[in-house]
Amino acid sequence: MKFVTTTLAGLLASAALATVAAAECETTLRSSDTHPDGYPTVEGVKAMAEEVKEKTEGRICIEVFPSSQLGEEKDTIEQTQFGVIDMVRASFGTFNDIVPETQLFSLPYLFRNQEHMYKVMDGPIGDELAEAFAEHDLVALAYYDGGSRSFYNSQKPVETLEDLAGLKFRVMENDVFVDMMDALGANATPMPYGEVYSAIQTGVIDGAENNFPSYDSAGHNEVAKYFTLDQHLMVPEVVAVSTTAWDNLPPEDQEIMREAAQNSAVLERKLWAEQEAASEAKVVEAGAEIVKEIDKTPFIDAMAPVYEKYVTTPEAQDLVKRIQETE
Ligand code: GTR
């Protein structure tokens, strides 16, 4: 799969096409994604759009705006809450301060592996969380895969926990991840995704943390070649609709949207697995040095203060236990 770089001409052409397409539709929902065309999440929502258009016989169109065309992730979530944008695909990490119920799902080393995460998100716990989204003017339609996140930097290979000391990493804009970095003995700089490349390039930060597809598609491998597969985070992603847009849809169309979103999650997860392998191979080919053999135990043990800080109430303790005990 190839990522498409957005050019002004391309943007104008797609805007013109979108206008033509939109003319046929009774309702057009604008959906935002920070990633470029070709990225699994973008292709997932596009597949959803196709299914919705087909099943509503062209009444509902979803227009996907990739590459942060509608703004940085946090802003687009807020705009979706206000009904300025209709849909957003984003990581729970960005939702943490906006839908605080997602916070516990963003704890380091919470999910054992992808299967564990799917089991949790596709079961009753995922359904309960969807109800929480509704209290924040958002309808959660499907949970996507965002793989696992690991550290990368421009300075040196990180082989042990001690190697992180003194390095400055960009984290997503939420308190859990800042505390996570403190617990690991490194420095956290929260900033939007779109600023990371130049911040590493100019030495404002030493690195960041993300999955292989983001490291690759955002070009971060060009400025931070040392990648350590410590997999400290596995953060679910969500396709959410603004309650304003949702409430305007008749129940049968809401059902079509839900089903199409669920189907798109199956596709996205398949594309994800392929893209992870492809991106890893691509960055290695381009010169990235990957530390794979790493003892994660010290990293996991270091996270204890983060759990102590965030898993405080009996409800939170119960939820984390239920997640951990999900087989
Ligand atoms: C990616 C995720 C994006 C965005 C980005 C980030 O892995 O898919 O939605 O949250 O990380 O680090 O900001």
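Reply: A residue is called buried when its relative accessible area is under 20%, exposed when that area is over 50%, and partly exposed in between, using a 1.4 Å probe and protein chains only. Helices (H or I, at least four residues) and strands (E, at least two) are DSSP runs, numbered from the N terminus. This is a predicted model, in which local features need pLDDT of at least 70 and side-chain atom pairs count only at pLDDT 80 or more, while totals for chains, interfaces and linings use all residues. Residues are numbered from 1 along each chain as its sequence is written, and side-chain values use heavy atoms, with hydrogens and water left out.

The part to look at is helix 3, which covers residues 73-82 and in which Glu-73, Thr-76, Ile-77, Thr-80 and Gln-81 are buried. Seen down the helix axis, these buried residues fall within an arc of 145 degrees, so they line one face of helix 3; the arc is that of the directions from the helix axis to the C-beta atoms. An α-helix has 3.6 residues a turn, so residues three or four places apart point the same way.

What do the buried residues of helix 3 pack against? Their partners are strand 1 (27-32), strand 3 (87-91), helix 4 (92-95), strand 4 (138-144) and strand 10 (237-242), where a contact means heavy atoms within 4.5 Å.

The two sides of the helix also deserve a look. Helix 3 is followed by Gly-83, whose phi is positive, near 80 degrees. In the loop between strand 2 (60-65) and helix 3 lies Ser-67, which has a positive phi of about 55 degrees although it is not a glycine. Most residues other than glycine have a negative phi. Ser-67 counts as partly exposed because its relative accessibility is 27%.

Tyr-109 is buried, since its relative accessible area is 18%.

Among contacts between residues at least 6 apart in sequence, 76% join residues at least 24 apart. The C-alpha atoms of the chain fill a box of roughly 60 × 50 × 30 Å, taken along the principal axes.
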